[in-house]
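Here is a short note for a colleague meeting this structure for the first time. Please keep the 3D view open while reading the numbered points.

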Amino acid sequence: MDRRKFLLLSAVAVASFTVAPHLSFGASRIEEDIQKRLGVSLSQIKESPEVKLQAPTIAESGANVPISVESDIPIEKVDSLWIFVDNNGTPWVTTVKFTPMNGKVYFATRIKMRESSNVRAILKLKDGSYVMATKEVKVTAGGCG
Amino acid sequence: MAIGSAIVRVPKEAKKGEVVRIQMVITHPMESGGRRDPQTGQTIPAYHLTKLEIFFNNNLLTAIDMGGGLSANPFVGITMKAEQSGVIKIVYQDNKDGKWERTAEVNVT
């Protein structure tokens with residue numbers, strides 16, 4: 001890493017640190033978005049090892065972060081998969097509606113990340129319940145501009 | 001490649017009952033609408049895919065809603081339980097009335 005990059009990075013780090021506190025005021029963007037789209041609050045969705053979310057620990061470019069979601073929960077019990085990125089302007093990324101023809105729960109794509117953030121994969125089951133996997137991804141260069 | 005073109009990749013041959021991967025890449029800028037042009041300061045208008053549906057022999061296999069949160073030239077991978085030979089068809093549209101489809105064949109033995 002050269003000096004210019006280092007200075008830029010530390011400036012970004014300081015900026016995000018000073019900007020961050022106002023987000024914790026009231027409901028955060030991710031909480032509002034999940035409430036709006038799923039009709040449940042984030043705190044009611046439990047983390048489960050049954051949902052396997054793969055994403056890089058450190059992403060070189062936020063414009064192109066490969067992720068994949070797998071689960072051994074039988075496909076017949078699963079309705080849909082929802083992917084969110086906490087710190088994006090719009091946290092919701094995509095919704096995948098499965099059918100039993102899929103054979104198993106699997107989805108892979110590439111997402112944009114504005115900055116370091118939690119990535120969440122939420123499975124909506126047919127009985128109306130939700131299970132989630134969360135992974136923190138550090139982004140060294142943002143992808144939303 | 002032109003906006004809306006796509007590559008669909010399926011295994012040429014699959015065993016009956018096998019769960020196979022179906023992968024696709026669609027050429028599209030996926031502009032989220034939240035970005036500003038650094039020169040002019042103007043917001044760049046949203047221009048992204050909104051829906052991608054994958055059919056097998058005209059039965060819906062997977063339906064995907066998306067927005068500007070997917071990377072440019074989005075990649076999507078899903079699975080299918082191969083029970084018989086047939087045609088995979090993907091149908092996708094964007095927020096500016098663009099609509100396209102592509103097909104690929106799967107041989108199940």
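1. An open sheet is built from 6 strands in the order β2(A)-β4(A)-β7(A)-β6(B)-β3(B)-β1(B), and their pairing is antiparallel. Strands (E, at least two residues) and helices (H or I, at least four) are DSSP runs, numbered from the N terminus. Two strands pair if DSSP finds at least two bridges between them.

2. Model and numbering. This is a predicted model, in which local features need pLDDT of at least 70 and side-chain atom pairs count only at pLDDT 80 or more, while totals for chains, interfaces and linings use all residues. Residues are numbered from 1 along each chain as its sequence is written, and chains are lettered from A and ligands numbered from 1 in the order in which they are written.

3. Where the chains join. Strand β7 (residues 105-111) of chain A pairs with strand β6 (residues 75-81) of chain B, antiparallel, over 2 bridges. Ala108(A) stands opposite Gly77(B). Thr109(A) has Val76(B) as its bridge partner.

4. The contact between chains. In all, 27 residues of chain A are in contact with 26 residues of chain B. Contact means that C-beta atoms, placed from the backbone, lie within 7 Å. On the chain A side, β6 (92-97) and β7 are the elements that give two or more residues. That side divides into 12 nonpolar, 11 polar and 4 charged residues. Ala, Val, Leu, Ile, Met, Phe, Trp, Tyr, Cys and Pro count as nonpolar, Asp, Glu, Lys and Arg as charged, and the others, Gly among them, as polar.

5. Strands within chain B. Strand β4 (residues 49-56) and strand β7 (residues 86-94) of chain B run antiparallel, joined by 7 bridges. Here Lys51(B) stands opposite Gln93(B). β7(B) is also joined to strand β8 (residues 99-108) of chain B, antiparallel, by 8 bridges. Tyr92(B) faces Trp100(B) as its opposite residue in β8(B). The hairpin of β7(B) and β8(B) has 4 residues between the strands, and Asp97(B) takes a positive phi near 70° there.

Conventions. Two residues are in contact if their C-beta atoms, placed from the backbone, lie within 7 Å.
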